[in-house]
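The sequence and model come next.

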Amino acid sequence: MRLTATHPRLSERGALVEQHWQELASRRRMYTLFGVVLLLVAVSGSLWFANETNSGKFFDRLPYLFDFVEELVPRDATEILRAMFDLASPYDDGSLKYNYPEGRLYITETLYIPEYIYKMVETINIALFSTVIGAIFGFCLCFLAAKNMMPIAWIRWPVRRMMEILRAFPEVVIAGFFLAILSLGPIPAIAAVSLHTIGALGKLFFEVVENADMRADEGLRAVGANWFERVWFGITPQVMPNFVSYFLLRFEINVRASTIIGAVGGGGIGELLRLSISQGHEAKTLAIVLLLLITIIGVDQLSASLRRRLVGEQAFQSVQ
């Protein structure tokens, strides 16, 4: 005997609700289709315009991308390790392409630091120092920008606008101004990344403060604590884990930003990467890319480990 599903007959009011829902669903599908078509038209028009205005004809040059990838392949895989650790190459012909040992930074007559590792450490130092500066100033400003801790609008409003201005421009744009004033080197990179970090961390910090539990603040206020005591003893202990987590996240971002700024003269590994790509030195380019990849993975794993120690292992366990 065949069983058939039977649906209860809708009332007149239920039928109207069903009809209205069907109309909304149909309208949503129509708007979605229209949006997708409009997006495709806009993207196609943008690509066509870019191709026509590009002197090199983007689409005509696109097939040569694979030629560039093929040119990055060194003679043998060990050549990448030689370039990374400044070891002499058997293919050395006196050109800059194989002058790996010339980049060594000698500590003693025999002990040296490979050039790329030294420059990578310099990039990490730029990122770490900038993140510390940004976190200190962001910590000081976030309580002035949080509405629950600073009810005075004429103080809170300028602080928020200042942080918006600091994070409005990318680090590489800010670095361009400092490079023109302070010349080349890591100092302009530190200044640029620090300013952007103050604006970014300041916003993240004051949003955490605004979501803090205010019962501790109310208790301190009831016993006569001043504003600084309420901030230090009532709010800071409960928001500090989030602050440290955001600090570690920003440090990861600043490592990448410092690399990019280095490519425009801000010191570190970025400048060497730009030179090796422009000169067609495949082993050097791949050695730097590999070192960057290892560094980013290492920083990410270190940050994850510190966050687990700070928050507790139970926060990362799934609820059964």
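**Structural briefing**

Arg230 is buried, at a relative accessible area of 11%, where buried means under 20%, exposed over 50% and partly exposed in between (1.4 Å probe, protein chains only). The model is predicted, so local features need pLDDT of at least 70 and side-chain atom pairs count only at pLDDT 80 or more, while totals for chains, interfaces and linings use all residues. Residues are numbered from 1 along each chain as its sequence is written, and side-chain values use heavy atoms, with hydrogens and water left out.

**Single residues**

- Arg230 sits in helix α10 (residues 227–266); helices (H or I, at least four residues) and strands (E, at least two) are DSSP runs numbered from the N terminus.
- Not counting residues up to four places away in sequence, Arg230 touches Met149, Asp217, Leu220, Arg221, Ala225 and Ile235, contact being heavy atoms within 4.5 Å.
- Leu195, in helix α8 (residues 186–210), counts as partly exposed at 27% relative accessibility.
- Beyond its neighbours within four places in sequence, Leu195 is in contact with Leu166, Ile174 and Phe178.
- Asp86 is not a glycine, yet has a positive phi of about 60°; Asp86 lies in the loop between α4 (78–84) and β1 (105–106) and counts as buried at 1% relative accessibility.

**Salt bridges**

- The structure holds 11 salt bridges, each a side-chain nitrogen of Lys or Arg within 4 Å of a carboxyl oxygen of Asp or Glu.
- Glu282 and Lys97 form one of them, at 3.3 Å from N to O. This pair links distant parts of the chain, with Glu282 in helix α12 (residues 282–311) and Lys97 in the loop between α4 and β1, 185 residues apart.
- Glu282 is buried, with a relative accessible area of 9%, whereas Lys97 counts as partly exposed at 27%.
- Lys119 pairs with Glu122, the closest N and O atoms being 3.6 Å apart; both lie in helix α5, three residues apart, about one turn of the helix.
- In the Arg161 and Glu164 salt bridge the closest N and O atoms are 2.7 Å apart. Because these two are three residues apart in helix α6 (residues 153–168), about one helical turn separates them.
- Asp76, Glu79 and Arg82 are linked in a network of salt bridges.

**Cavity and pocket**

- On a 1 Å grid over the protein atoms alone, a cavity is a set of points where a 1.4 Å probe fits but cannot get out, and a pocket is an open set with protein on both sides within 12 Å along at least five of seven lines; lining residues have an atom within 4 Å of a point.
- Grid points are joined across faces, edges and corners, and a volume is the space filled by probe spheres set on the points.
- There is one cavity of 30 Å³ or more, and the largest cavity holds about 50 Å³ of space.
- Residues lining the largest cavity include Glu79, Lys97 and Glu282.
- The largest pocket holds about 250 Å³. Of its 15 lining residues, Asn99, Glu115, Tyr116, Leu272 and Lys284 are the closest to its centre.
- α11 gives the most to the lining of the largest pocket, with four residues.

**Nonpolar surface**

- A nonpolar patch of about 920 Å² includes Leu39, Phe59, Phe66 and Ile277.
- α3 contributes the largest share of the nonpolar patch, four residues.
- Ile277 lies in helix α11 (residues 269–279) and counts as partly exposed at 40% relative accessibility.
- Patch residues have over 30% relative accessible area and no salt bridge, with like charges joined within 9 Å and nonpolar side chains (Val, Leu, Ile, Met, Phe, Trp, Tyr) within 5 Å.
- Accessible areas come from the Shrake-Rupley method with a 1.4 Å probe; for residues, only the protein chains shown count as cover.
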